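Visitor: Could you walk me through this one? I'd like to learn how to read each feature as we go.

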Amino acid sequence: MKKLLCACLAALALLPASCAQPVEPDISAYDTAGTAEIPVEILGELEEDVLEDLVEAPKYVALTFDDGPRADTTARLLDGLLERGAAATFFVIGEQIPGNEPLLLRMKAEGHQIGNHTYSHVRLLKAEKDAVVEEIHKTETLLKEVLGDSSFWLRPPYGLIGAERSKLIRTPMIYWSVDPEDWKLLNKDKVVAVLGAVQPGDIILLHDFYSTSVDAALALVDALQAEGYDFVTVEELFRIQEVEPQAGVLYARPDRVRTWG
Ligand code: NI
(Lines give C-alpha, C1' and ligand atoms only; values in the text may rest on other atoms or scores of the structure.)
Protein backbone atom coordinates (compact mmCIF):
# COMPACT_ATOMS: atom_id res chain seq x y z
CA MET A 1 0.00 0.00 0.00
CA LYS A 2 2.82 2.36 0.98
CA LYS A 3 4.75 1.53 -2.14
CA LEU A 4 1.72 2.21 -4.22
CA LEU A 5 1.19 5.55 -2.47
CA CYS A 6 4.84 6.46 -3.03
CA ALA A 7 4.64 5.56 -6.64
CA CYS A 8 1.57 7.71 -7.09
CA LEU A 9 3.11 10.66 -5.25
CA ALA A 10 6.37 10.24 -7.16
CA ALA A 11 4.44 10.21 -10.38
CA LEU A 12 2.92 13.51 -9.35
CA ALA A 13 6.49 14.72 -8.60
CA LEU A 14 5.52 15.59 -5.04
CA LEU A 15 7.97 13.29 -3.24
CA PRO A 16 10.96 12.75 -5.45
CA ALA A 17 13.67 11.89 -2.87
CA SER A 18 12.14 10.81 0.44
CA CYS A 19 10.05 7.96 -0.87
CA ALA A 20 12.88 5.49 -1.01
CA GLN A 21 13.23 5.57 2.81
CA PRO A 22 9.91 6.46 4.38
CA VAL A 23 10.43 8.10 7.81
CA GLU A 24 6.85 8.00 9.04
CA PRO A 25 6.63 5.49 11.93
CA ASP A 26 4.01 2.80 11.69
CA ILE A 27 1.67 3.65 14.57
CA SER A 28 -1.14 1.32 13.61
CA ALA A 29 -0.25 -1.06 16.47
CA TYR A 30 -0.83 1.61 19.11
CA ASP A 31 -4.08 2.85 20.50
CA THR A 32 -3.59 6.56 19.95
CA ALA A 33 -7.06 7.53 21.13
CA GLY A 34 -6.86 6.12 24.68
CA THR A 35 -4.48 6.65 27.60
CA ALA A 36 -0.96 5.43 27.00
CA GLU A 37 -0.30 2.12 28.68
CA ILE A 38 3.08 1.01 29.94
CA PRO A 39 3.88 -2.47 28.59
CA VAL A 40 4.10 -5.08 31.36
CA GLU A 41 7.67 -6.06 30.43
CA ILE A 42 8.85 -2.47 31.10
CA LEU A 43 6.96 -2.22 34.42
CA GLY A 44 8.80 -5.34 35.60
CA GLU A 45 12.13 -3.51 35.27
CA LEU A 46 11.23 -0.55 37.52
CA GLU A 47 12.01 0.00 41.19
CA GLU A 48 9.04 -0.68 43.41
CA ASP A 49 8.58 2.91 44.62
CA VAL A 50 8.85 4.32 41.08
CA LEU A 51 6.30 1.76 39.99
CA GLU A 52 3.91 2.84 42.78
CA ASP A 53 4.16 6.46 41.66
CA LEU A 54 3.32 5.46 38.09
CA VAL A 55 0.35 3.25 38.74
CA GLU A 56 -1.27 4.73 41.87
CA ALA A 57 -3.25 7.95 42.11
CA PRO A 58 -1.81 10.36 44.69
CA LYS A 59 -3.37 10.06 48.14
CA TYR A 60 -3.86 13.19 50.22
CA VAL A 61 -4.89 13.57 53.83
CA ALA A 62 -5.16 16.56 56.21
CA LEU A 63 -4.00 16.50 59.82
CA THR A 64 -5.71 19.09 62.00
CA PHE A 65 -4.69 20.16 65.50
CA ASP A 66 -6.99 21.90 67.96
CA ASP A 67 -6.63 23.73 71.28
CA GLY A 68 -3.07 25.09 70.87
CA PRO A 69 -0.71 26.67 70.49
CA ARG A 70 1.16 25.38 73.53
CA ALA A 71 4.84 26.28 73.82
CA ASP A 72 6.46 22.88 74.37
CA THR A 73 4.13 20.45 72.60
CA THR A 74 3.39 22.60 69.54
CA ALA A 75 7.07 23.42 69.01
CA ARG A 76 7.99 19.73 69.12
CA LEU A 77 5.19 18.92 66.68
CA LEU A 78 6.38 21.62 64.26
CA ASP A 79 9.91 20.20 64.42
CA GLY A 80 8.61 16.72 63.58
CA LEU A 81 6.37 17.91 60.73
CA LEU A 82 9.21 19.93 59.21
CA GLU A 83 11.53 16.95 59.38
CA ARG A 84 8.94 14.85 57.53
CA GLY A 85 7.84 17.46 55.00
CA ALA A 86 4.24 17.26 56.21
CA ALA A 87 1.81 20.19 56.25
CA ALA A 88 -1.01 20.50 58.79
CA THR A 89 -3.78 22.84 59.92
CA PHE A 90 -3.90 24.40 63.40
CA PHE A 91 -7.20 25.62 64.86
CA VAL A 92 -5.98 27.82 67.66
CA ILE A 93 -7.68 29.15 70.79
CA GLY A 94 -7.42 32.94 71.19
CA GLU A 95 -6.55 32.69 74.89
CA GLN A 96 -3.52 30.58 73.98
CA ILE A 97 -2.07 33.15 71.56
CA PRO A 98 -0.40 35.75 73.88
CA GLY A 99 3.21 34.65 74.39
CA ASN A 100 2.99 32.05 71.60
CA GLU A 101 3.10 34.46 68.66
CA PRO A 102 6.45 33.06 67.42
CA LEU A 103 4.79 29.65 67.05
CA LEU A 104 2.08 31.14 64.84
CA LEU A 105 4.69 32.85 62.69
CA ARG A 106 6.58 29.59 62.44
CA MET A 107 3.42 27.72 61.36
CA LYS A 108 2.84 30.22 58.58
CA ALA A 109 6.49 30.24 57.47
CA GLU A 110 6.54 26.43 57.33
CA GLY A 111 3.47 26.16 55.12
CA HIS A 112 0.79 25.25 57.64
CA GLN A 113 -2.74 26.64 57.67
CA ILE A 114 -4.00 28.49 60.75
CA GLY A 115 -7.65 28.60 61.73
CA ASN A 116 -9.90 29.90 64.50
CA HIS A 117 -11.11 27.73 67.40
CA THR A 118 -12.82 30.63 69.26
CA TYR A 119 -11.30 32.74 72.03
CA SER A 120 -12.18 30.65 75.08
CA HIS A 121 -13.37 27.32 73.65
CA VAL A 122 -17.07 27.95 74.15
CA ARG A 123 -20.01 25.82 73.02
CA LEU A 124 -21.25 27.98 70.16
CA LEU A 125 -24.47 25.99 69.85
CA LYS A 126 -25.73 27.35 73.16
CA ALA A 127 -23.99 30.73 73.30
CA GLU A 128 -25.84 34.00 72.74
CA LYS A 129 -25.46 35.27 69.20
CA ASP A 130 -23.43 38.29 70.36
CA ALA A 131 -21.09 35.99 72.25
CA VAL A 132 -20.62 33.79 69.17
CA VAL A 133 -19.56 36.79 67.10
CA GLU A 134 -17.30 38.12 69.86
CA GLU A 135 -15.59 34.77 70.51
CA ILE A 136 -14.71 34.45 66.85
CA HIS A 137 -13.90 38.09 66.23
CA LYS A 138 -11.50 38.35 69.20
CA THR A 139 -9.38 35.44 67.97
CA GLU A 140 -9.52 36.68 64.39
CA THR A 141 -8.22 40.08 65.50
CA LEU A 142 -5.32 38.49 67.39
CA LEU A 143 -4.48 36.28 64.41
CA LYS A 144 -4.51 39.25 62.04
CA GLU A 145 -2.22 41.22 64.36
CA VAL A 146 0.35 38.44 64.22
CA LEU A 147 -0.10 37.00 60.75
CA GLY A 148 -1.64 39.79 58.69
CA ASP A 149 -4.86 39.76 56.72
CA SER A 150 -6.14 36.33 55.80
CA SER A 151 -9.23 34.14 56.01
CA PHE A 152 -9.08 32.11 59.21
CA TRP A 153 -11.48 29.21 58.85
CA LEU A 154 -13.44 28.13 61.90
CA ARG A 155 -13.52 24.87 63.74
CA PRO A 156 -16.33 25.16 66.29
CA PRO A 157 -15.29 23.70 69.66
CA TYR A 158 -16.68 20.14 69.99
CA GLY A 159 -17.71 20.46 66.34
CA LEU A 160 -20.97 22.03 67.51
CA ILE A 161 -22.61 25.14 66.12
CA GLY A 162 -26.05 24.40 64.64
CA ALA A 163 -27.98 25.90 61.74
CA GLU A 164 -28.93 29.20 63.40
CA ARG A 165 -25.48 30.20 64.67
CA SER A 166 -23.79 29.02 61.47
CA LYS A 167 -25.54 31.86 59.61
CA LEU A 168 -23.30 34.28 61.55
CA ILE A 169 -20.10 32.71 60.23
CA ARG A 170 -18.32 34.35 57.29
CA THR A 171 -15.75 31.63 56.61
CA PRO A 172 -15.96 27.90 55.83
CA MET A 173 -16.16 25.67 58.91
CA ILE A 174 -14.21 22.45 59.29
CA TYR A 175 -15.38 19.36 61.16
CA TRP A 176 -13.45 16.07 60.72
CA SER A 177 -13.90 12.60 59.23
CA VAL A 178 -11.50 10.67 61.49
CA ASP A 179 -11.45 11.15 65.26
CA PRO A 180 -8.96 8.98 67.21
CA GLU A 181 -10.11 10.61 70.51
CA ASP A 182 -6.52 11.43 71.39
CA TRP A 183 -7.58 13.87 74.15
CA LYS A 184 -9.38 11.03 75.94
CA LEU A 185 -6.97 8.15 75.30
CA LEU A 186 -3.75 10.06 76.04
CA ASN A 187 -1.88 7.04 74.70
CA LYS A 188 0.24 7.09 71.55
CA ASP A 189 -0.31 3.46 70.50
CA LYS A 190 -4.08 3.58 70.99
CA VAL A 191 -4.29 6.77 68.93
CA VAL A 192 -2.11 5.35 66.14
CA ALA A 193 -4.52 2.39 65.95
CA VAL A 194 -6.86 4.70 64.00
CA LEU A 195 -4.55 4.19 61.04
CA GLY A 196 -6.69 1.48 59.46
CA ALA A 197 -9.66 3.87 59.25
CA VAL A 198 -7.85 6.55 57.22
CA GLN A 199 -8.97 7.04 53.60
CA PRO A 200 -7.69 9.48 50.97
CA GLY A 201 -9.35 12.88 51.45
CA ASP A 202 -9.86 12.47 55.19
CA ILE A 203 -9.54 15.22 57.77
CA ILE A 204 -8.02 13.81 60.96
CA LEU A 205 -8.71 15.46 64.33
CA LEU A 206 -5.88 15.68 66.87
CA HIS A 207 -4.81 18.10 69.63
CA ASP A 208 -1.31 19.60 69.80
CA PHE A 209 -2.03 20.35 73.47
CA TYR A 210 -0.99 16.84 74.58
CA SER A 211 2.46 15.30 74.38
CA THR A 212 1.00 11.84 73.64
CA SER A 213 -0.92 13.36 70.71
CA VAL A 214 2.29 14.81 69.27
CA ASP A 215 3.95 11.39 69.49
CA ALA A 216 0.92 9.79 67.85
CA ALA A 217 0.70 12.41 65.11
CA LEU A 218 4.32 11.93 64.07
CA ALA A 219 3.94 8.13 64.12
CA LEU A 220 0.80 8.50 61.96
CA VAL A 221 2.71 10.67 59.49
CA ASP A 222 5.49 8.05 59.24
CA ALA A 223 3.06 5.18 58.74
CA LEU A 224 0.83 6.97 56.22
CA GLN A 225 3.77 8.37 54.24
CA ALA A 226 5.02 4.77 53.95
CA GLU A 227 1.60 3.96 52.42
CA GLY A 228 2.07 6.74 49.87
CA TYR A 229 0.03 9.51 51.55
CA ASP A 230 0.92 13.19 51.26
CA PHE A 231 0.01 15.56 54.07
CA VAL A 232 -1.61 18.82 52.98
CA THR A 233 -3.49 21.66 54.67
CA VAL A 234 -7.30 21.60 54.71
CA GLU A 235 -7.31 24.47 52.22
CA GLU A 236 -5.06 22.49 49.86
CA LEU A 237 -7.28 19.42 50.24
CA PHE A 238 -10.26 21.47 48.98
CA ARG A 239 -8.19 22.83 46.10
CA ILE A 240 -6.97 19.36 45.11
CA GLN A 241 -10.53 18.03 45.14
CA GLU A 242 -11.73 21.12 43.25
CA VAL A 243 -14.31 22.00 45.88
CA GLU A 244 -14.98 25.70 46.52
CA PRO A 245 -15.71 25.87 50.27
CA GLN A 246 -18.68 28.02 51.24
CA ALA A 247 -18.94 30.35 54.23
CA GLY A 248 -21.17 29.09 57.04
CA VAL A 249 -21.03 25.46 55.85
CA LEU A 250 -19.53 22.77 58.12
CA TYR A 251 -17.44 20.23 56.18
CA ALA A 252 -16.37 16.81 57.45
CA ARG A 253 -14.28 16.45 54.25
CA PRO A 254 -14.24 18.53 51.07
CA ASP A 255 -16.75 16.07 49.60
CA ARG A 256 -18.93 15.72 52.69
CA VAL A 257 -21.00 18.42 54.40
CA ARG A 258 -21.82 17.84 58.05
CA THR A 259 -25.56 18.08 58.63
CA TRP A 260 -27.04 19.56 61.78
CA GLY A 261 -29.33 16.63 62.67
NI1 NI B 1 -11.19 22.04 71.00
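Guide: Let's start with confidence. pLDDT is the predictor's confidence in each residue, from 0 to 100. Here the protein averages a pLDDT of 87, and 79% of the residues score at least 70. Over residues 1-20, though, the pLDDT is below 50, and beyond near neighbours in sequence this stretch has 10 contacts in the model. A contact means two residues whose C-beta atoms, placed from the backbone, lie within 7 Å. This is a predicted model, so local features need pLDDT of at least 70 and side-chain atom pairs count only at pLDDT 80 or more, while totals for chains, interfaces and linings use all residues. Residues are numbered from 1 along each chain as its sequence is written.

Visitor: What does the secondary structure of the protein come to?

Guide: Helices (H or I, at least four residues) and strands (E, at least two) are DSSP runs, numbered from the N terminus. The count here is 11 helices and eight strands.

Visitor: And how do I read burial and a core?

Guide: A residue is buried if 20 or more other C-beta atoms lie within 10 Å of its own, exposed if 12 or fewer, and partly exposed in between. Of the 261 residues in the protein, 35% are buried. A nonpolar core is a set of buried Ala, Val, Leu, Ile, Met, Phe, Trp, Tyr and Cys residues joined through C-beta atoms within 7 Å. The largest one has 53 residues, and Ala62, Leu63, Ala88, Met173, Ile204, Ala217 and Phe231 have the most contacts inside it. Helix α10 (residues 211-226) gives this core its largest share, seven residues.

Visitor: Which elements do the buried residues of α10 pack against?

Guide: They pack against β1 (59-66), α4 (71-84), α8 (182-185), α9 (188-192), β5 (203-207) and β6 (229-231). Among the buried residues of α10 are Val214, Ala217 and Leu224. As for length, the expected span of a helix is 1.5 Å times one less than its number of residues. With 16 residues, α10 reaches 23 Å from its first C-alpha to its last, close to the 22 Å expected. Just after α10, Gly228 takes a positive phi of about 95°.

Visitor: Why does Thr73 count as buried?

Guide: Thr73, which lies in helix α4, counts as buried because it has 21 C-beta neighbours inside 10 Å. Leaving out residues up to four places away in sequence, Thr73 touches Asp208, Phe209, Tyr210, Ser211 and Val214. Thr73 and Phe209 are 136 residues apart in sequence, yet 6.2 Å apart in space, C-alpha to C-alpha.
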